[in-house]
Amino acid sequence: MNERPADDKWFYVAVEDPGGDEKFLGLYDEPAGISYIPVFDTKDDAQSCLINMPRQASKKYEVQAVLFEELARDAGENGFMIFLLDNEGRIVKRIAP
C-alpha cells in the first residue's frame with residue numbers, strides 16, 4: 001500500500017450515466033477478489049484506457065475529474081479500493097479509501 005494522496009488531488013475517472021444516476025465505473029479483480037475504481041492522473045490516460053475496460057453496452061460513459069476526497073468517501077462507503085492506473089492500464093498504486 002502506498003501513501004495516501006492529498007484530499008485536494010484531482011484524478012480522472014470513468015463515470016457511468018453522466019447527468020443521470022451517475023456513479024463511478026467500478027471493476028472487479030476476480031483472482032484477487034477485490035472491487036476497485038480505476039483512476040488516472042490525466043484525462044488522456046483515462047480516455048485511452050476506457051476503450052478497453054469492461055462496460056455495459058446500454059450505458060453511457062464519460063471521463064470526469066474528481067477530487068480524491070470525494071472519490072475516497074464514495075469508494076469507502078461502497079467497499080471499493082482505488083487503483084491508480086497508467087496509460088496502458090497497469091496498476092501504479094493501490095490506495096485504500
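The chain has two helices and seven strands. Those are DSSP runs, helices being H or I with at least four residues and strands E with at least two, numbered from the N terminus. From the N terminus on, the order is β-β-β-β-α-β-α-β-β.

Ground rules. This is a predicted model, where local features need pLDDT of at least 70, side-chain atom pairs count only at pLDDT 80 or more, and totals for chains, interfaces and linings use all residues. Numbering starts from 1 along each chain as its sequence is written, and side-chain values use heavy atoms, without hydrogens or water.

Overall dimensions. The C-alpha atoms fill a box of roughly 35 × 30 × 25 Å along the principal axes. Of the 97 residues, 35% are buried, meaning under 20% relative accessible area with a 1.4 Å probe, protein chains only.

Now the largest pocket. Its volume is about 370 Å³, the space filled by probe spheres set on grid points joined across faces, edges and corners. A pocket here is an open set of points on a 1 Å grid over the protein atoms alone, where a 1.4 Å probe fits, with protein on both sides within 12 Å along at least five of seven lines; lining residues have an atom within 4 Å of a point.

Who lines the largest pocket? There are 20 residues, with Lys23, Phe24, Leu25, Gly26 and Phe80 nearest the centre. Strands E1 (10-16), E2 (23-24) and E5 (61-67) and helix H2 (68-77) each give two or more. E5 supplies the largest share, four residues.

Definitions and conventions:
Buried < 20%, exposed > 50% of the residue type's maximum accessible area, 1.4 Å probe, protein only.
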